[in-house]
Amino acid sequence: MEGSLKIARETRLSNLEGSSLGTIVFVLLVVPLVCVTQRLLLWVFPKKNFWLDFFVTVLPLVLTITAYHYSLYLFLVLVACSAALVIGQVRKGNYYFKYNSTHGLLDEKKKPFLNSYRASMMLLTCVSIFAVDFPIFPLQFAKTEVYGISLMDVGVGGFMFSMALVSQKARRVGNNSVSRVNHIVNIIRQVIPVLVIGLGRTILLKTINYQEHASEYGLHWNFFLTIAFVNILAAIIDVPCKYSSALGCGLIIFYQLLLSNGLENYILHAERVNLVSQNKEGIFGVFGFTSIYLIGTHIGSVLHKKKSKQEWIQFWCALIFIVALCSILALYLEFGIGIQPSRRLVNITYVLISITVNLQPLIILMALDMFGVSGNSGIVIDTVSSNQLFVFMLANVLTGIINVLDDPLNMSVFKSNGVIISYMALVCFVPYFIYEKRKNKND
């Protein structure tokens, strides 16, 4: 990659301060609204069609990012479409809003609301990591330099939270009688492919002189390595699920004490003179992300338990209480004590905001399954939810290829939207095609 182009791309994404929390919450409200529209559409067109599903599920998420200034109009269009579909079904006599009929879906192995949440957040992540290099991407959504919060910042924490909700421990999968050492060895074996991908990505980017932002994870570190080491650290400090939230809270408090007593200054200002200091953001950030993972594991373990109707309502109310509590604590820490949220540090305020923001769409989607619009999640949602790591890896590979072959920074609005939509079509279609191939082979 040419030096001038590399510098231009790196400069564009430097010294950013993010956006308001309200902006992020507004964008994420599109997630449950898209899912409602998609599920209602399945009532009208029960036969599954990939491209129709893509149009209804993915396109609004893309436009919410790339055409943010018009997102309020998109929001209103989705509300109008949903209302029209409901009115049409009610007039036909299809009264689908029955609490008793939806309760059984909550106890299914693959829960519609969880599939919708995980897939939608992954789709937003894939859109963001690619579109951020285009001029139509609002820079307020890009990752912040030091302090502040943005859509991409909470997306990183959301990836960890989403991964924890369906982890083996949360789902109670595996042999619980194995020793701690064997458990750690098993986890290391499972994350070896992720480690290989992370190391391979580092070598490749250095080889082709690809643009990098050292303050994001460091000179050699990347998010794949963070995923691997979070899993390893969580296995090392393993406790029963019912205690993992307490452990996660204890870990982030301990880590914040270290930050407040010199570690923050080291991460932000120390010269990069050795392997640790060269990758200080990535290495120390593992502790903050592990706390998110541990808290998510506890919530996931409760989520996967079979429950009565009353117990589901109590769990739902408990999640609302967690959102309220985390919001109050985050506000107090930021404005009362002065601990500003920082994805670069993965400090306590950032962790609280990440949990709060990511629980909100999950709570709304859960409410839909409990009290209202429930049903099939659709082809795109099911495919992406079942192949999270593959989809994330594919999105990263396609992002790199297109950035090397073309110059997104100087594309027109029309061409940018066309390229981004085509990219998302590939990200969604490739895993769907592979899934269908395997399904036909088994049949």
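1. Let me start with a serine. Ser245 is buried, at a relative accessible area of 16%; buried here means under 20% relative accessible area, exposed means over 50%, and partly exposed is in between (1.4 Å probe, protein chains only). Ser245 sits in helix H12, residues 241–269. Setting aside neighbours within four places in sequence, Ser245 touches Leu294, Ile295 and His298, where contact means heavy atoms within 4.5 Å.

2. A word on provenance before going on. This is a predicted model, with residues numbered from 1 along each chain as its sequence is written. Local features need pLDDT of at least 70 and side-chain atom pairs count only at pLDDT 80 or more, while totals for chains, interfaces and linings use all residues, and side-chain values use heavy atoms, with hydrogens and water left out.

3. The overall picture: the protein has 19 helices and zero strands. Both are DSSP runs numbered from the N terminus, helices being H or I with at least four residues and strands E with at least two. Of the 443 residues, 54% are buried. Take the contacts between residues at least 6 apart in sequence, and 83% of them join residues at least 24 apart.

4. Now helix H6. H6 runs over residues 112–131 and has 20 residues, reaching 28 Å from its first C-alpha to its last, close to the 28 Å expected at 1.5 Å a residue. The expected span is 1.5 Å times one less than the number of residues. H6 is mostly covered, with 20 of its 20 residues buried.

5. How do H6 and H7 cross? Their axes come within 10 Å and cross at roughly 145 degrees, with H7 spanning residues 151–165. Axes are lines fitted to C-alpha atoms, for helices over the stretch in contact, and angles run from 0 to 180 degrees between N-to-C directions. The crossing of H6 and H7 is left-handed, the near helix being turned anticlockwise from the far one by less than a right angle (clockwise would be right-handed).

6. Who meets whom in that pair? On the H6 side you have Leu114, Tyr117, Arg118, Met122, Thr125, Ser128 and Ile129; on the H7 side, Leu151, Met152, Gly155, Gly158, Phe159, Phe161, Ser162 and Leu165. By class, the H6 contact with H7 holds nine nonpolar, five polar and one charged residues. For that tally, Ala, Val, Leu, Ile, Met, Phe, Trp, Tyr, Cys and Pro count as nonpolar, Asp, Glu, Lys and Arg as charged, and the others, Gly among them, as polar.

7. On to the salt bridges, meaning a side-chain nitrogen of Lys or Arg within 4 Å of a carboxyl oxygen of Asp or Glu. The count comes to six. One of them pairs Glu216 with Lys143, the closest N and O atoms being 2.4 Å apart. That pair links distant parts of the chain, 73 residues apart: Glu216 is in helix H10 (residues 214–217) and Lys143 is in the loop between H6 and H7. Glu216 is partly exposed at 23% relative accessible area, whereas Lys143 is buried at 18%.

8. The side chains of Arg272 and Glu281 meet in a salt bridge at 2.7 Å, N to O, and Arg344 forms another with Glu281, its closest N and O atoms 3.2 Å apart. The Arg344 pair again links distant parts of the chain, 63 residues apart, with Arg344 in the loop between helix H15 (309–337) and helix H16 (348–371) and Glu281 in helix H14 (residues 280–303). So Arg272, Glu281 and Arg344 are linked in a network of salt bridges. Which of the three are buried? Glu281 is, at 2% relative accessible area, and Arg344 is too, at 8%; Arg272 counts as partly exposed at 26%.

9. Val346 has a positive phi of about 50 degrees although it is not a glycine. Val346 lies in the loop between H15 and H16 and counts as buried, at 1% relative accessibility. Asn15, not a glycine either, has a positive phi of about 60 degrees. Asn15 is in the loop between helix H1 (3–12) and helix H2 (21–44) and is exposed, with a relative accessible area of 61%.

10. Last, helix H17, residues 379–386. H17 is mostly covered, with six of its eight residues buried: Ile379, Val380, Ile381, Thr383, Val384 and Ser385.
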